[in-house]
Structures are given as structure tokens and as C-alpha cells.
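Take a moment to look over the model before reading on. What holds its parts together, and what lies hidden inside?

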Amino acid sequence: MKVTPTKTPNVETDGQVCLLSASPYRILKFAAKGNLSEVQRLYEVDRKRIFIQDCRGWAALHHAAANGHLNVVDFIVTSGAEINLQNKNGDTALHLAVEGEHADVIGYLLKQSAKTTLLNEVFMAPIHLAVDGGKIKALESLLKFSTADVILKGEGGFTPLHYCASKDRDECAKLLLQYGARPCMTCSHGFYPIHVAAKSAAAKTLEVLIKHVENLGYTREQVLSFTDKANNMPLHAAVNGGDIEAVRVCIAAGAAVDAQQEDKSTPLHFACAQGSVELIKIMQELQPTRFSRALTSNDVLKMTPLHRAALFNHVNVVEYLLKQGAEIDAQDSQDRTPLLIAASKGCWKTVQCLIENNVSLAKTDRENRNFLHLAIKFGGRLNEFGVELLKDVKTLLNEKDDFGCTPLHYASREGHLVAIDDLINLGAHINPKNNDKQSPLHFAARYGRYNTCRRLLDSPQGANIINETDGEGLSALNLGSLNGHTKIIHLLMEKGAYVTRDHDGNSPLHMAASNGYTKTIKILLSVHANLLDATNKYGETALHVASKEGKTSSVDLLLTLGAKMTTNKEKKSFFDTAIEAQDSDVALTIVRHERWREAMSICSGESGGALSCPMYGLIQYLPDVCMVVLDRCLTQSNEDERKSGFYIEYDFSYLQAPIEYVKKMRTDDKEVSPLFSLNAMVKFGRVQCLSHSLCKAFLSMKWRAYGLWFHSTNLVLYLIYLGLLTTLVTTTTLWYPSNDNDQNSTNESSTDYNSHKIEIHMAQNMCVYIVVVFTSLNIFKEIAQMYQQRMKYFTDLGNALEWVLYITTAVFVVPMVTGVTYKFQVEAGAIAIFLAWFNCLLFLQRFDVFGIYVVMFLEILSTLIQALSVFSLLIVAFGFAFFLLMKSEATHAYTSPGMAILRSGMMMLELDYMASFNDPLTDGDKTTLGFGGLTIFFLIMFVILMPILLINLLIGLAVGDIESVQSNATLKRLAMQVELHTDLERRLPKWLLLKVDKVQYRYFPNRCGQGMKSLWSKMTWNKSNGLGSDDSRRHDAYLYTELHKQKQRMKDMGAKLEKQYDLLRLIVQKMDIATEEDNKDEGVACATSLEKIHGASFAAPFIKKTLLRQNAIVSHWKKTSDKVAEKSKNEHDC
């Protein structure tokens, strides 16, 4: 328990200075000195002083124990001090007594129940301190006077035995083992004490541990074969640690140098991988027989120690192992000899050493690659290995591996120029073919090795190999075009290479276009212009291939160069390919090109399909590109926008079906839908396209051409019908219920209570016949529409409304012909006159002036109906409640459930409905309102929920988002106009449509007539009807186009950065800096396997120096460039 220092006792002094004799900390000093009398005196002055701690957290008990003053310790403990009090380092009095090796104090503290398991700040208990410091007496005291935990774990999970092993405390280890310490426990890192002893070169402790385990029944070999967490035996662990003395100790203790752990690696394998010749010599000196066996042992990869040394380019180790009789041509699991491994890792010093020791050069690995294959592949120079080697490798020059590749293939692929020169000078064949019939020239052309190509072509056999093709029919020119290597293409064309095609009929231009290499396209067409429209066996030109692969730069260039827009064997154009793939980049490139009209006029694919014409495909798959096409169909004049001569020209060519498409459909006996593009927009829900100003102008033109006259005529005829029906309703005396007396007095001739005769005047009679004829014609019209539209007819609620209207009209009018009126006739008339006027309202939505408001009304009505259909449950709930509570109410408004529900619904809109509750509540008659309290409660709930909450909610839903409602209404009206015009065009004769239809239209917004229309639009808030008012949508399309441009610029910047990298590399070469790049041809890297990735040399220290040198040069060049640029800028500013 830690107690804060107590206050110093008040001592009178002459001044304000505290005397040393009065300091409460003096007890700590006397405790450290062992002055018991002074400690007792100070304790009597203030008993709290035994709890005082100094700045290090030491109390009097700590000082006394650390200095071995047993009498003072005894006094302090008996006076009530905390025996397990820890200082700031976490040490108790027992820790300090152990460090001082005060056995008597340790024994006393243990008798007083001092804890032996407390850990200080470095996670050490007293027993750990005793072992770590070699305090044998202290350890004996701990083990003798208490049940100290001999397997207690401290820092890193170390037990006391681990501490013994790390410091070679053999006596301590013996003592611990006597008291039950277990050598089979591991630390947190998975090490046994025996491994710690081996790594720490603790020879004595190691021997103690081995003998103890031997006494348990194990042999020495078994003990030294125990593995740690990493499956290392003690000797392996010692070798990994690199401590020579530790290795010597382990071997002296009996550890076998040929012992194999789980991966079958011996300590010798580890030593060879580290490159430590001294460790290897110790193993050979101490255990020569076992060393010889280890020298030929294989690990899990069947590698010998020599393989390991060669793998890491330890030349001195390789030389020593060879002197000791290591097998120089041993093969691993992949059939690689040490020579092949060294060659594959670029360990050329090791290669030189092995060659000097007469290694076999003819050995091959699992892929049948010999030394020459691997040496050439990884940049080896044959002339550096000596003249004798050059004589021996001549037999290997044309050997092929399992892929059919010779060393010259590898040299050409990697671009090792020196190796190529050496191979050619030694007599290697220039045109060997691998399994894919590829020659070294094909490899060089594929990977952009310009100088390699030049060397091969300048050889005596160069003229014979320039036009050879591989297994896929690709020549060097094809491969260069496929990968965009322009320098190689120039070289090949200079040397006389001619154009060949692959097995699919693709020319070099197809291949360049498929990868977007525009410079290659220009080079090829500058010589072979006939390739521009050449097709492969699928009928595809280079333009088709570029579009299919999404290469916008190739598409744009080929269109600019005048490529023909043909169709392939599947009857698809290049534009169809882009649309089918939904490649917006290619499609946008096409529609932004100056030949876009030609591309839009191509009609191909199946009749009526998505790819039948480009506009239909764009609407279905690429609506954003469709918006760009619509924008391009708008042209503004060069006049000032404020002048009367300013106009906007609308081109409606692509809103109608193309002529070629119409002819094709007629050939297939199929009907072409009028308003082809607009119907597609409606079908696929392309709202943005449909609300484009071009589409609005097109519909406006149709409306002015014939829609206005046709619908106006219909409206006039309908108004005549409506007027005549209204006249009949208001002027004809019809049946009406009355009591018996009145009936006898007024209708004496009547024979039936439900009917009576009436007199019809001539004018009324004419109205009846006209209404009957109009009704009959409309019924026949509905039947015809039903036959024409089939199932679609029944999805329109307007058709059902018209059927009810005309049937009720017939029921209302026909009996008037006989001069008799019936009860049902009045009911039918009421329905007919209501629906007739309501249908007149719906009829007005076809007209620009009123249509938007009618559609908005229907939108709000739909919202209200949906809301009421949900909240009608509340009306039903209150209706049934009032029905039960107010059955006997005087007005009889709640006598039935239906009336109660109806009354509850009407109360939402009725202002004076309190009379139904006040009169029964205040008349004093309990029979009229038997449940007054509960009824008033429900009334209050009704007032809160229905008139206040629900009505406000409905109003908010109806008009809360009026702009959204207006927008939706505009789009619905546009869709309705498309449908109306489509139906109308199907009925009108073709000659009339051709006469009134327009392909182009000019709109003059500043002229007088247009100004009045604009004023009317502003007065009626009808912003959607004004032509040329689609600025926001055009702005969106403009942003889309600009984003596309930025995307293309970013791609170009990426390509330019790669070119800048190549330029910097060339600058380094031109500055005469010797680097490994001087002997390596330009081109692309080809990491096609794990071998390529892991094939880099582990021993190339010159690479760091080279890279640093290159970085310095590039930095200097960059600084110079920045200074020049800054100077130019300053001059420009001046």
C-alpha cells in the first residue's frame, strides 16, 4: 500500500527555515544505515513515518531490506508496514533483498508471508532476479523457506530455467531442477531452455539440461533434436543466430551437423545459406564424418548445401564445399544443378567458380533448359566466362527447351544485345522456331526490341526471316503493329516487309486499331492505303475492330481518314458494335465526329431489333449519348441573340424512322411505328430524352400541322354533344318520387309508381336523336379501338370511363323516344351528365393551354386517392364507434353502420357538426345519449386526428411539392402527346402526312408572334411549352461531353508519361553513363511467370549504386529543366 508522505511536524524555529532534524524523511536514512534506535525514536514521534516513500517510491522497509538490516526490517514489519509494498520500479522488499543476496532478510520476509510471484516493471519476480544475477544463496533461500514457483513466467514468457540458459547459470539450473523446474516449457516465442542455451552459447547450462533430460529416460540425440516453435533444433537455432561459440558448444554437446529437421534441412544447409565459412569449418573439424553425410544430404526441395550456397552467391562457401567433395552436378526437385540455380539468379561469380571446377554445362532442368538458356535469359555475358567456356557452349547454341526455345529466343525476348552478338558470332541459327512456330525475330518484334531486330535482320539470313509467320499466322510486322512498336514497324518496312494476315484475316491495321495505336495506324496507311477498308474473315474492317475493343482514338482517326462505314457478316456496323457493348466512350466519339450524320443513317441488324437503327439503340442502351445527338440536331444562327433575325434550327431527321429502315421493314412485311424515336423513349422510360427541347419542338410541329385541327374538331363535336345532353337534363320533366296523394293528383294516367309519361317537344326530340346518333358512333368507335389495341385497351381507365358515359347516356336518352320516363333513367342521367362534364375536362389535356393543369389535377387526385385509401381506416374506426354510442340520436345519422361511417367522413369537411352531439347531451334524456363521457372522448380524438391532422396532411401531400408535380405532369403529358400523335398518324393518309410534315424547322424567339407565345407561357407558368428553353438539359449534355474530353486527356497524359520515362532513360544513355541498361535493348518487360519475378539476382550490389547515380542525374536534369522553364516564364511576364 502506497501512502503519501505525511506533513512535517511543527517545530518552532527562530525563522521560517525547516530544520533537517524535523524532516519526516530522516527515518529512511536511518533505516538504510541500520540505526534501529533512531528508527524507533522517529517512529514514536510520528507512527506514520514508516509509510513515507521517497521520490523513487522507496519506504523504510525497502531501504532496510536492500541493505540487509534484519533488526530494522523486523521492527518495521511488526509495526504494521505493508510487506508487499512496491516502489516505482515495481520492486518489493523481497526483490531488493534478493538483489542484495541477504539470505537472512529473505528468510524472514518469506516467514512473514511476503509474496514471491509479484513482477516488477520488467516482469521479473524475485526468483527471476536471483537466477538472472547468479545469486545462488538468494535462490537457495527462496526455494528453502517458501514454495516459490519455479516455473513462473516473466518477461517474454521466460521461466527461471530460461534465464539460467541465457546467462549460463549452471548452478542455478541444477538447483531449480532439484526443486521441480521443467525444461519442457516454452517461452512466448516458442523456445525451450535448451534452445536458449544453444543460441546463447551457454555450454555449462546446456550440459546440465541435457543430463537432466537423460536422467528422465531420453538419449542425448533425442534431447538435441527437440524443435522450437519454428521447428528448429538447438544447433539449427545456434547457426541461425550466427554465434560461432554457440555452434561450437552445441556440437561439443553432441548435436549432429547432419541432423535434419522438419524440412529436412541440416545445420550445414543453414550455414551455407548464411555464407559463413567459419561455421562450416567448425562443423567439419568437430564432426568430419557427419559433415560428409550432411554435405550430400537433401532438404525438402532436394537441395544440397552446395545448392544453398550457389543460390545466394556465396563464392567462398562454394569453393570450400567443392574442396570437401561436394557433388558439383547434384540436381534438386526441379532438376536444377548449382550451376543452373546460380545462372537463374544472376550469381555470375558463383557461375565462374563452378565452371572453373569443370561443372557439366549439358545438364538441364525440368523444362529441359540448359545453362546457356538460363544464362542468356538472366543477362549473362558469355565472353566473361573465359575462352574455354565459349568452346564448350557451341554444342548448346541451338538446343531447345520444352517450349522449343533456343538461347537466341531468350536473348531476343529479353533484349540482351551482347548475348545476341555472342550467339550470332558463335554460329547460332537465326531462324529456329519454337513450339508455336515463333522465331527470335517474332520475340523481338513482340517485345519492342528494336536493336535486336536490326541485328537479326542485318545478319546474312535476315532477308529470309523478315516475312516468316508463326503458328497464328503473325509476321514480325503483325506483332509490331499489335504492340504499337513504331520504330520496329519503320525498320521492317524499310527492310521490305510486306503485309500478311493472320488466320482470322486480320491485317496489321486491324491489330494496331484493336489496341489504339494511332501512330502505327498512320505509318501503315502512309504506305498501304488499301488496308483502310480491308476486312477479315468476319467481314470486319479496322473500324469495326477498334469500336469492338473500345479504342476511341483509333475510331476517331479512322473516321477522319475516311474509312467506309460497312457492315460485317452479322449485318452489324461499327456503330452497332459500340451500342451493343454499351460503350459510351466510343459512341460519344462517333456522334461528336464530323461524319456523325453518316453514322446515324446506317440501318443494319434485324428488323425491329435494338440495333435496327442507331437512334433506337442509343435510346435503349446509351441515353446520355442520345442526348448529345439531340443537342447536335439544334443549330443556332450567328445572329445576335437579341435581334429578330436570330433563330434556332431544329433537325427532326432522327426522330422519325430512317428511309432505309422503312424500306427494310416493308420488305419484311412489318409495320413501321410512327414517331419511331419518341415511342422508343416512352417505351424505355427515357425521361431526359423525351423532355429535350428538340422532342418538344417536334411534337409542337406535329400539333400545329394536324393535331390542333383534328382535336379541335373533336372538341367542337363533343361540346355539341355535351350541350345537347345538358339541355335534355335541364329542360325535360323526368320521374321523381312523391307521396301517393300528390301522385294521384298530378300523374293520374300513370300505371306504375316507377314510371310516368312525358311530353317531348320537337326541339327536344331533335336533341334526343342527335345524342343517340353521337352515342352510337362513339360506342362503335370504342369497339373498333378494342379490336385494334386488344389487351392494351383494357389497361386505360379512360376507356372504361367512356364506356360508362355512353352506356348511361343511351339509358338516359333512349326512353325519351317512347315518351315515358323511368326511375332508373334519372339515375343513369345523373351519372351520364357528371361523366360527360368530367370527360370534357380530360379532353382538354390534349391542348397546350389547359393540358398541363388537367394533368396536374389528375396527379394530385391520384395522390389523394392513395392517401385516403390508407387513412380511410380511421374513418371506419370512428364510424363504428359512433354507431355503437349514438344509435338513438334524434337525427338518425348513426342508425346503421354505413350511415355512421358516411357521417364520420362528412364530419371532416362539415363545420357545424356539434349539433349532433350538443342536443343529445343537453336535452336531459338519457335514452338519446347513454354514453356521454366516452362519446365526448371519441369526439375530441376525432377532431384532433381527422379535421386537423389528416386534412393538413392531405393538403401537404397534394401541393407540398408542386414543382415535382408539375414536372411529372409535363412528362406524362408529353408521353400522352406521343401516343395521341402515333394513333392519329396511323389513321391519317400518307399523302397528307408527307404534305404537312417537316424535317427541319426554324424557331424565331424574338419575333412578334413568338413573343406573344412567350408572354402567354410566363402568364400561365407554362415553362415547359416554350421552344428553345432547354438550357439546363443542354448544359448537362455539355458537361457530359466535357467530362468525356477530360477522360481522354487523362489517358493521353498517361501515355505521354510513359514516353517521358523512355526519354529520360535515353538521356541517361546519351550522357555516357555506364549502366546495365547499355547492354539491354529497349522494349517492354515480360513478367509471365513466378520464375521471372523471383529470378532477380540476390547479389547485385552495383544495382544500388547505378540507381543512385541515375536518380542523381535525373534530379539534376529536372532542376535544370525547371530553371529553364522559370526563366522562360519570367521573360514572358516581362
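## A first look around

Let's start with D421, which is partly exposed at 26% relative accessibility. Here, buried means under 20% relative accessible area, exposed means over 50%, and partly exposed is in between, using a 1.4 Å probe and protein chains only. Keep in mind that this is a predicted model, where local features need pLDDT of at least 70 and side-chain atom pairs pLDDT 80 or more, while totals for chains, interfaces and linings use all residues. Numbering runs from 1 along each chain as its sequence is written, and side-chain values use heavy atoms, with hydrogens and water left out.

Now for the whole chain. Of its 1134 residues, 47% are buried. There are 58 helices and five strands; these are DSSP runs numbered from the N terminus, with helices (H or I) of at least four residues and strands (E) of at least two. Look at contacts (heavy atoms within 4.5 Å) with a separation of 6 or more, and you'll find that 71% of them join residues 24 or more positions apart.

Which partners do charged side chains pick? The structure has 26 salt bridges, meaning a side-chain nitrogen of Lys or Arg within 4 Å of a carboxyl oxygen of Asp or Glu. One of them joins D421 to R455, at 2.9 Å from N to O. This pair links distant parts of the chain, since D421 sits in helix α26 (residues 417-426) and R455 in helix α28 (residues 450-458), 34 residues apart.

Another salt bridge brings K702 and E985 together at 2.6 Å, N to O. K702 belongs to helix α44 and E985 to helix α53 (residues 962-987), so this bridge ties together parts that are 283 residues apart in sequence. Both K702 and E985 are buried. R336 and D332 pair up too, with their closest N and O atoms 3.0 Å apart. Elsewhere, E207, E214 and R220 form a network of salt bridges.

| Residue | Relative accessible area | Class |
|---|---|---|
| R336 | 18% | buried |
| D332 | 2% | buried |
| R455 | 30% | partly exposed |
| V716 | 48% | partly exposed |

V716 has its place in helix α44, which covers residues 693-731.

An α-helix has 3.6 residues a turn, so residues three or four places apart point the same way.

Finally, a note from the records. An unreviewed UniProt entry lists "transmembrane region" for residues 715-736, 766-783, 803-822, 834-858, 864-886 and 936-959; such annotations may be inferred rather than shown by experiment. In the model, residues 766-783 are 100% helix and 0% strand, with the end C-alpha atoms 26 Å apart. The span 864-886 is 96% helix and 0% strand, and its end C-alpha atoms lie 30 Å apart.
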